[in-house]
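Hi,

Here is the structure I promised to pass on. Have a look at it first, and then read my notes below.

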Amino acid sequence: MKNTIISLKDITVSYDGEQVLAGFNLDIHDGEFVTLLGPSGCGKTTALRTIAGFIRPDKGDVFFYEKNITDLPPHKREVNTIFQKYALFPHLNVYENIAFGMRLKGRGEKEIKQTVHEMLAKVNLTGYAHRGISQLSGGQQQRVAIARALANEPKVLLLDEPLGALDLKLRKDMQVELKKLQQQTGITFVFVTHDQEEALSMSDTVVVMDGGVIQQIGTPTDIYNEPENAFVADFIGESNILDGLMLEDYSVKFAGHIFRCLDSGFGRNAAVDVVIRPEDIKVVEPESTLITGEVTAVTFKGVHYEIIVDVAGFKWMIQSTECRQPGDRIGLSLTPNDIHVMHKSEYSGKFGDYSTFSDEMGEDIMASDEAATQEADDSDEANAPRETEEERKAGASGKAGAEREGRADEV
Amino acid sequence: MKSNSKLLSAPYTVWMTIFIVLPMLLVGYFAFTDKSGHFTMENMLSVGQYSNVFLRSIWLGAVATAVSLALGYPLAYIIAKMNVKRQNVMVMLVMLPMWMNFLLRTYAWMTLLEDNGLINSALAAIGLPRVHMINTAGAVVLGMVYNYIPYMILPLYSVLTKIDTSVIEAAQDLGANSRKVFLKVVIPMSMPGVISGVTMVFVPAVSTFIISKMLGGGGNLLIGDLIDMQFLGSAYNPNLGSAVSLVLMVIILICMGIMNQFDDGEEAGGGGILL
């Protein structure tokens, strides 16, 4: 194993009494590309700012090569940050921005000039040295920020959602560019993002966070294929998460049937969460398989169709290249390899049903249906046909909502 | 669209023509004519004999501006670092004296600074020697600073609050301690505020006449007083008054031009008020 370069031990941080990080432990190894991944407010930026020195943890210590740097101010730490909004100095041109750190260190003018031009070449901005910052596009400013940080020869580069403000194509280019830079320089990168695709495609190690707590640490493949709990499974990619019962090793019961699987070690008759990725499900004739359901929605996504199937009230998502029409009855076929079993967690029952894609939308739809039903009740009889139609809809999604709640109750 | 905006601007154009451009032309006309309306250079030439008044005005104005900057910058910086609620209270406190009539404020200083004024009485009461304060250049500078310092603080405050904290953090991140952050980031980034603050204090300070009249006595005649005398005073001579005004305007324009040079190239159009 490589050396541990940064080590966060039992870090606790709170803002205004609200705990953002709770007993946070993380080791970062030399030369690694580590990504802190999680939804907004999960504490990933706080963790990064703790490493940079902008936040003093309430409790816990930060180690840099086994040296405690908890009390070291930011300007004395051998780490540099790429800020979300780049934070370039607007009163300096590109050259002076990149030279800023070296000037503070009292480097010679000749060395500064050489390094600045080296850095500009590295980020493909040769010839931009004397431009003003406001004359640059977002992507160019981003690259200047990277050059400015790298010119300082940091041991660790901290990147706080650096690609968030760029458009999709540019973001992809920058992902490749950053990965290349990291491999060339061998500098440890700690990257913060809420974009799971970005995390998977760039990182050596992904740290999935929620609520100030690490949910899972692993390689991108581990995180995707072997999610630790319902949160990770839902956050990384799409997944159908069902309540299951582990009857014995290699045998799990869910959706009313018993399936063979590859997981073991849960004990007998243990309640578990079962994850099935939408792309693993094969669409077959309803007669030839155990799980059947009615297609309720089909969305064309380019590469595949996204088919939502109602199986006894639970909405499954399937990604298939075959097109089906809403109302079709189809069968869902699974192989043992497609089934991943997880322990129950606080997140069980919160994710994995595709009545809606997000919790927020789910709640809003239920609330607005309720309001619609009430309005319909209040309205006069002339609207009667519309009223029944609305009630029928409200009833349908109410059922889905009840189903979700039911699942949560079982935990 | 274009004709529409022309139509909208018409009242302003008319207003500016009547009340700004025309008076300026009139000032120019009076400056180059004598009492009977004939062209003459005599007024402009005689301005030269008041060069000591010009120098004193510019000198006292510059001192007042420098003092305002030295006092105002730290205060603006401190206010900008407070939480928003306290910021609002502080800004209001800075502006509070401006709600009081200008003449009254200056008059209040008179009674404070007089040889038998409040300060001297207080000094005498505790057994200290009296200090002569009224009718000195110092009193004039004090009056200028007191009256104009809000115009220094407000633009500085507004620029300082707009400095993004992430830029400060970036500087720290790159190895700057708090002194370096201040020198290399905060001060350069607040230059537009410094320029407009300096402009807004220097210009009225140079051309003031009430302050020097009330606090400076006869020995501290400023350009403002000189002009005042030509129009309203005993030495009634609007032609000379116009010539002096014209020269003053040119001098101020030159000063501002020099000032704005400092701002050039860094952040073009960053907020420095051009006259």
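Before you start on the strands, one term: two strands count as paired if DSSP finds at least two bridges between them. Also keep in mind that this is a predicted model.

Now for an example of a bridge. In chain A, take A:V208: its bridge partner in β10(A) is A:Q216. This belongs to a pairing of strand β9 (residues 205–210) with strand β10 (residues 213–218), both of chain A, which run antiparallel and are joined by 5 bridges. Together β9(A) and β10(A) make a hairpin, with 2 residues between them. Look at A:G211 in that turn: its phi is positive, at about 55°.

Next, the sheets in chain A. One is an open sheet of 4 strands, in the order β2-β1-β4-β5, with antiparallel pairing. Its edge strands are β2 (18–29) and β5 (67–68) of chain A, and each of them pairs on one side only. Strand β1 (residues 4–15) of chain A pairs with β2(A) over 8 bridges, in the antiparallel sense. If you want a pair to click on, A:T4 has A:H29 as its bridge partner in β2(A). There is a helix on this sheet too: α1 (residues 44–52) of chain A packs on it and touches β1, β2 and β4 (59–64) of chain A. The direction of α1(A) makes about 120° with that of β1(A).

The other sheet I looked at is also in chain A. It is open and has 5 strands in the order β15-β19-β16-β17-β18, again with antiparallel pairing. Which strands stand at its edges? They are β15 (282–284) and β18 (314–320) of chain A; each has a single partner strand, so one side of each is left without a neighbour in the sheet. From one strand to the next, the twist averages 45°. Strand β17 (residues 305–311) of chain A is joined to β18(A) by 7 bridges, and the two run antiparallel. Among the residues here, A:I308 has A:M317 as its bridge partner in β18(A). One thing to remember when you look along any of these: in a regular strand the side chains alternate between the two faces of the sheet.

Now turn to chain B, which has 13 helices and 0 strands. Its C-alpha trace spans about 75 × 70 × 30 Å along the principal axes. Of its 275 residues, 33% are buried. Among the contacts in chain B with a separation of 6 or more, 70% are between residues 24 or more positions apart.

One helix pair in chain B is worth a look. The axes of α7 (residues 137–162) and α10 (residues 191–207) of chain B come within 8 Å and cross at roughly 160°. Angles over 145 degrees count as roughly antiparallel, and α7(B) and α10(B) are therefore roughly antiparallel to each other. The crossing is right-handed. Residues that meet there include B:M144 and B:Y148 in α7(B), and B:M200 and B:V201 in α10(B). By class, the residues of this contact are 14 nonpolar, 4 polar and no charged.

Finally, how many residues of chain B are in contact with chain A? There are 17, and they touch 17 residues of chain A. On the chain B side, α8 (165–173) and α9 (178–189) each supply at least two residues, and α8(B) gives the most, with 6. That side of chain B has 7 nonpolar, 4 polar and 6 charged residues.

Enjoy exploring!

Terms used. Residues are numbered from 1 along each chain as its sequence is written. Chains are lettered from A and ligands numbered from 1 in the order in which they are written. This is a predicted model: local features need pLDDT of at least 70, side-chain atom pairs count only at pLDDT 80 or more; totals for chains, interfaces and linings use all residues. A residue is buried if 20 or more other C-beta atoms lie within 10 Å of its own, exposed if 12 or fewer, and partly exposed in between; C-beta atoms are placed from the backbone. Two residues are in contact if their C-beta atoms, placed from the backbone, lie within 7 Å. Ala, Val, Leu, Ile, Met, Phe, Trp, Tyr, Cys and Pro count as nonpolar, Asp, Glu, Lys and Arg as charged, and the others, Gly among them, as polar. Axes are lines fitted to C-alpha atoms, for helices over the stretch in contact, and angles run from 0 to 180 degrees between N-to-C directions. Angles under 35 degrees count as roughly parallel, over 145 as roughly antiparallel, 65 to 115 as roughly perpendicular and the rest as oblique. A crossing is left-handed if the near helix is turned anticlockwise from the far one by less than a right angle, and right-handed if clockwise.
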